[in-house]
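Q: I would like to learn how to read a few features of a protein structure. Can we go through them one at a time?

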Amino acid sequence: MEKLAVTLGRCLLGLYFLMPGISKVTSYQAMLDYMTLHNIPMADVLLPITTALQILGGLCLIAGFRIKEMALMFAGMTLLINLGMHDFWNIYPETDQGHEVQNFVKNLGIFAGLLVMSAAQHLPQWRLAKA
């Protein structure tokens with residue numbers, strides 16, 4: 001049961017980052033506009049980097065490759081995204097402040113799961129790749 005729980009948790013965390021990475025490709029301009037609205041510096045540079053990290057890192061987590069490194073990278077990214085994009089303490093036009101609070105708190109839970117996952121690489125789990 002432990003092996004299934006760790007594998008499933010790792011794959012779901014990978015999927016959590018893979019899917020938004022793919023959606024950034026299909027809605028690139030909308031995401032760039034959202035980042036600009038939140039005053040993210042160098043959004044035109046950070047968006048393609050974030051997209052690539054989410055897609056490749058998500059696939060790595062799903063495959064079980066470099067689990068600790070991917071989990072810690074995503075933990076750092078999640079904190080940065082939380083502070084920059086879900087800054088509920090600022091008011092933006094056409095942005096629901098309550099939704100931003102919800103995303104901020106949800107991301108803290110994701111952050112916690114990533115910290116646990118970063119320490120779980122030696123727990124029994126199924127992997128497509130080992131490293």
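This is a predicted model: local features need pLDDT of at least 70, side-chain atom pairs count only at pLDDT 80 or more; totals for chains, interfaces and linings use all residues.

Q: Which residues make the contact of H4 with H5?

A: Contact means heavy atoms within 4.5 Å. On the H4 side the residues include Ile67, Ala71, Phe74 and Met85. On the H5 side they include Phe104, Ile110, Leu114 and Met117. Sorted by class, this contact has 15 nonpolar, 5 polar and 2 charged residues.

Q: How do H2 and H3 cross?

A: The axes of helix H2 (residues 28–37) and H3 come within 10 Å, with a crossing of roughly 125°. The two helices are therefore oblique to each other. H2 passes H3 in a right-handed crossing. In this contact, Tyr28, Met31, Leu32, Met35 and Thr36 of H2 meet Ala43, Asp44, Leu46, Leu47 and Pro48 of H3. By class there are 8 nonpolar, 1 polar and 1 charged.

Q: Which residues touch the most other members of the largest nonpolar core?

A: A nonpolar core is a set of buried nonpolar residues joined through side-chain atoms within 4.5 Å. The largest one here has 14 residues, and those touching the most other members are Leu13, Phe17, Leu61, Phe74, Ile110, Leu114 and Met117. Helix H1 (2–26), helix H3 (43–63), H4 and H5 each give two or more residues to this core. H4 has the largest share, 6 residues.

Q: What does methionine 117 touch?

A: Leaving aside residues up to four places away in sequence, methionine 117 touches Val6, Gly9, Arg10, Leu13, Ile67 and Ala71. There is also a second, separate core of 6 residues, among them Leu32, Ile40, Ala43 and Met85.

Q: Where is leucine 59, and how does its accessibility count?

A: A residue is buried under 20% relative accessible area and exposed over 50%, with partly exposed in between. Leucine 59 is in helix H3. Its relative accessibility is 43%, so leucine 59 counts as partly exposed.

Q: How far apart are leucine 59 and alanine 30 in sequence and in space?

A: Leucine 59 and alanine 30 are 29 residues apart in sequence. From C-alpha to C-alpha, they are 24 Å apart in space.

Definitions and conventions. Residues are numbered from 1 along each chain as its sequence is written. Side-chain values use heavy atoms; hydrogens and water are left out. Helices (H or I, at least four residues) and strands (E, at least two) are DSSP runs, numbered from the N terminus. Ala, Val, Leu, Ile, Met, Phe, Trp, Tyr, Cys and Pro count as nonpolar, Asp, Glu, Lys and Arg as charged, and the others, Gly among them, as polar. Buried means under 20% relative accessible area, exposed over 50%, partly exposed in between (1.4 Å probe, protein chains only). Axes are lines fitted to C-alpha atoms, for helices over the stretch in contact, and angles run from 0 to 180 degrees between N-to-C directions. Angles under 35 degrees count as roughly parallel, over 145 as roughly antiparallel, 65 to 115 as roughly perpendicular and the rest as oblique. A crossing is left-handed if the near helix is turned anticlockwise from the far one by less than a right angle, and right-handed if clockwise.
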